[in-house]
Amino acid sequence: MNILLALDDSSRAMEQAVRLASQHQAGLTALFVLDAGWSVYIGSDFLLGSTARSKFLEYTRDDEFAQQHATVETFQKMAQAAGVPCVIKTTTAQRVPEAILAELEQGGYDTLVMGHPFRRGLEVMRDATAQVLKSAACDVLFVSREG
Amino acid sequence: MSDKAKGKMTVFKTDRHEDAAAMVFVSLVVAFVLVYMAYVVPTITIKPSQDGKLVAVAVQPDQEIKKGDVMYTFEYTDKKFVNGQLEEKIATKDVKASTNGKVLSVSVKEGDALKKGKTAILVMDHEKGTLP
Amino acid sequence: MEEKSRVANILAIVPGLAVMVGTLFLLRTYVEPWMKDAVVLGQKGWLVKVLSLNYILLSIIAGIIYRNVFFGGRIPDWAEAGFRTTRLFIKSGVIMLGSLYTLQKLAKVGSIAILLISTFVFGTVFFVIWYGKRIGMDRSMIGVMGASCGVCGVSAAVATAPGVNAKPSEVALAIATILGFGIMTMFISPFIGKALMMSDYQFGAWVGTGILNSGQVLATCLAFNPTFAPGTAVAYGEIWNVVRVISIPFVVFIVTTWACKSEAAESCDATGQKMDMAKVFKDRFPIFVLGFFGMTALSSLGWLGAEGSNTLHLLRDVMSWIFGIGLVGQGAYIDFRELKRAGGKPLRVGLVAGTLKYVVALIVIMLFVSKDASF
């Protein structure tokens with residue numbers, strides 16, 4: 001069995017993925033997608049003052065990296081504590097669900113675990129879980145934020 | 001991600017490049033329009049700037065006109081806010097030539113209705129290098 | 001990342017740009033003339049006269065339909081590079097708008113604009129600070145909402161967020177609120193203006209003060225009166241717009257200073273440096289505004305042809321095309337699925353502050369600004 005965990009700030013999703021992997025002796029891969037969609041998202045207004053937009057994009061990029069660092073660290077600690085080996089992958093995409101679906105297709109996973117609602121980058125404004133569910137060709141476990 | 005993110009949304013590296021590009025683009029457009037109107041455009045068709053009725057045509061075909069000469073007079077409804085009230089009154093206006101030139105043809109007669117930007121009043125040739 | 005050649009980059013623009021130009025061409029050549037003649041509810045041209053569906057609003061609506069219906073929520077890759085030229089077109093249009101004024105006229109209306117804008121900008125900022133504190137919004141988000149409701153919507157939010165260390169996910173919510181509110185006001189303002197029989201001067205002053213996003217101010221003015229000429233709604237609205245755009249750096253400075261005051265260093269400028277007004281101004285000043293004043297200078301010198309001349313007529317026609325192309329693109333950046341998700345405290349603050357500003361501006365304009373145009 002091969003499990004893919006789509007990382008966001010949901011610690012319950014991490015716990016469930018680790019538990020599932022440990023129960024089934026399954027391979028566990030965690031995917032963190034950096035959201036590069038900000039430049040398009042703020043594109044609707046055009047009178048931004050000169051360097052303001054690029055400064056903001058740098059700011060969101062730094063925030064993305066900070067979140068990546070924190071999330072991956074939390075997850076690694078959790079997996080280590082449970083004695084579950086895992087692979088961490090990071091990728092960048094304009095739309096987060098598309099990167100998750102691409103990884104699912106390439107990696108031959110049996111199960112996808114992700115938080116619901118999924119809050120990675122600009123997905124706070126969108127419905128990542130609906131999009132993933134529509135196209136995922138494997139089992140999907142949505143983990144609610146509150147237990 | 002940084003370069004990718006920065007490069008997206010505009011075709012330019014930064015907003016400053018985009019601002020500069022917009023200014024260059026406008027300069028080119030304005031230069032094109034001015035050169036076209038001053039040197040390239042073969043004839044000028046004079047059309048009214050608002051709806052109204054032609055009162056008099058002061059020029060004839062083949063007549064040379066100078067900048068500031070009255071070309072035609074028309075009557076229009078002047079809508080103005082005076083002390084907060086919309087006042088409408090009939091007014092007449094002389095339209096003067098904005099450049100030297102020669103009238104080639106006149107296609108309206110007194111009493112004709114004028115449609116803003118539509119009715120061709122007269123066709124003229126203008127002195128090259130001036131803005132009609 | 002592999003560098004594409006310059007030619008390939010330029011060619012990539014063609015398909016999207018062709019869609020924008022083609023759409024505008026169809027709208028102006030066939031759709032608008034048809035709407036002007038169409039008899040609806042027993043009145044000829046009802047769609048244009050009453051619904052203000054001129055080519056400007058139609059361009060935005062076409063863009064919205066592309067994004068939300070045909071493209072399924074995302075601009076496809078083949079069109080993306082072309083649609084990215086949107087801002088270039090609109091900025092160029094704004095620069096060309098400078099030709100509608102002479103320096104004397106600008107000075108005359110500008111002083112009233114500066115007075116009204118500064119009152120409303122700072123009034124809104126203070127209101128948001130007070131209201132945000134009341135409902136317990138965090139200081140950095142109050143800063144972002146204060147700037148965006150006070151000055152230029154998304155532009156100001158984006159210019160302020162890094163300085164006050166606002167959470168990007170909340171900024172996303174704030175942006176959706178501001179955009180959504182702006183789109184709503186963009187479509188209802190022309191009705192209100194016509195119902196209250198506002199003059200072009202009053203309408204330009206009102207939407208220039210009351211509508212959050214600068215782009216939407218222009219579109220709304222053009223929806224009210226699509227003519228580009230001195231003394232039309234867009235000519236007045238744009239003066240207000242320019243004053244607002246220039247005020248962004250000042251507001252960013254004030255809001256950031258406020259948000260950082262009495263907060264721990266973590267909530268301030270990432271480097272922990274003290275804010276420097278000169279630096280903020282240099283970084284945030286939109287230099288295309290200089291192009292706008294350049295055009296005004298040319299027009300004051302009479303180098304663009306006399307008022308009523310064929311040269312100016314052609315120039316304004318070109319301007320309207322440039323704007324129209326930009327507005328199709330502008331519409332394509334509006335995603336209703338994203339706007340629907342606006343929520344939380346930013347939505348509350350945005351709606352309350354936005355509506356208050358919109359309504360108070362209307363009352364002030366109707367009471368104190370005469371219908372008679374200044375020029």
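1. Contact between chains C and B. In this predicted model, chain C contributes 28 residues to the contact and chain B contributes 26 residues; two residues are in contact if their C-beta atoms, placed from the backbone, lie within 7 Å. On the side of chain C that touches chain B, the elements giving two or more residues are helix 5 (86-97), helix 14 (288-300) and helix 15 (310-331). Helix 5 of chain C gives the most, with 6 residues.

2. Composition of that side. The residues of chain C that touch chain B comprise 13 nonpolar, 10 polar and 5 charged. Here Ala, Val, Leu, Ile, Met, Phe, Trp, Tyr, Cys and Pro count as nonpolar, Asp, Glu, Lys and Arg as charged, and the others, Gly among them, as polar.

3. Fold of chain C. Chain C has 17 helices and 2 strands, taken as DSSP runs numbered from the N terminus (helices: H or I, at least four residues; strands: E, at least two). Of the contacts in chain C with a separation of 6 or more, 80% join residues 24 or more positions apart.

4. Burial. Buried residues account for 56% of the 375 residues in chain C (buried: 20 or more other C-beta atoms within 10 Å; exposed: 12 or fewer; partly exposed: in between; C-beta atoms placed from the backbone). C:Ala18, in helix 1 (residues 6-37) of chain C, is exposed because 12 other C-beta atoms lie within 10 Å.

5. Conventions. Residues are numbered from 1 along each chain as its sequence is written, and chains are lettered from A and ligands numbered from 1 in the order in which they are written. Local features need pLDDT of at least 70 and side-chain atom pairs count only at pLDDT 80 or more, whereas totals for chains, interfaces and linings use all residues.
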